[in-house]
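I opened this entry to look up charged side-chain pairs. My notes follow the display.

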Amino acid sequence: MQNLTSGDGLSYLMLGTAYGRLAQYENAVINLKKALTVSRDLDLYRELGYVYFQQDSLEQAKRILGQALEFEQTDIWSKYLLANVLVKQNQPSRAEAFARKFAAENAGFHGENLLAWVLVAAHIDFDEAVLFAEKAMSAKPLRYPDRLRAIPYYPLPEHTLGLAYLQMREYRRAVEFLEVAEQLAPLRENIKNDLQAAQRQLRLESNK
């Protein structure tokens with residue numbers, strides 16, 4: 001097997017990642033699978049898992065992410081994505097159990113951040129989500145690394161709080177947090193969509 005820092009494995013990973021970001025998922029899968037034939041690397045498993053997630057090939061995403069966690073049991077990014085897969089599969093109980101276990105094993109920002117997101121995204125408990133998102137806010141890094149802000153399945157606590165307040169019909173607070181989230185991650189369509197929804201609801205409320 002080649003080292004992924006050079007050779008065909010790296011080339012296929014770069015191509016697969018580029019196709020994935022362009023939403024050309026079939027081409028992404030082809031190149032990422034080719035990369036796995038010449039190299040084994042955690043980034044490959046994560047990226048392929050993410051592409052399957054975007055394709056709604058959720059069982060395949062779970063299988064690949066399981067392999068990623070066999071490769072590195074403590075990889076938090078694979079666990080972030082796996083939690084999102086469970087939410088997308090409409091398995092709130094499993095997603096919540098997974099996130100609570102993760103939070104118990106990862107005290108501080110990452111644990112609180114993921115648990116808060118799952119509680120909101122799976123419509124489990126908005127009040128508790130706010131509590132954990134606020135804790136994550138107080139423990140967050142001074143500046144999110146650019147790479148992390150670009151990862152679509154990496155929840156920002158500002159987004160989590162905004163979405164929670166949107167669901168709780170506290171539209172002004174929702175807009176405040178979602179505007180901050182959009183500034184932090186301007187390329188994320190889900191944040192833009194949530195912000196537009198909150199702004200629309202706030203306008204409707206103001207016109208009553």
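**Salt bridges, looked up one by one**

I started with Glu-47 and Arg-21, whose side chains meet in a salt bridge at 2.9 Å, N to O. This pair links distant parts of the chain. I found Glu-47 in helix α3 (residues 42–55) and Arg-21 in helix α1 (residues 7–21), 26 residues apart. I note that the model is a predicted one.

Next I checked accessibility for this pair. Glu-47 comes out at 10% relative accessibility, so I count Glu-47 as buried. The cut-off for buried is under 20%. Arg-21 has 45%, so I count Arg-21 as partly exposed.

I then turned to Arg-100 and Glu-96. Their side chains also form a salt bridge, with 2.9 Å from N to O. Where do Arg-100 and Glu-96 lie? I found both in helix α6 (residues 92–105), 4 residues apart, which is about one turn of the helix. Arg-100 has 30% relative accessibility and counts as partly exposed. Glu-96 has a relative accessible area of 22%, so Glu-96 is partly exposed.

The cut-off is within 4 Å, so the pair counts. Glu-170 is partly exposed, with a relative accessible area of 31%. Arg-173 is partly exposed at 37% relative accessibility.

I also looked up shared partners.

Last, I noted the total: the structure holds 11 salt bridges.

How values were computed: Residues are numbered from 1 along each chain as its sequence is written. This is a predicted model: local features need pLDDT of at least 70, side-chain atom pairs count only at pLDDT 80 or more; totals for chains, interfaces and linings use all residues. Side-chain values use heavy atoms; hydrogens and water are left out. Helices (H or I, at least four residues) and strands (E, at least two) are DSSP runs, numbered from the N terminus. Buried means under 20% relative accessible area, exposed over 50%, partly exposed in between (1.4 Å probe, protein chains only).
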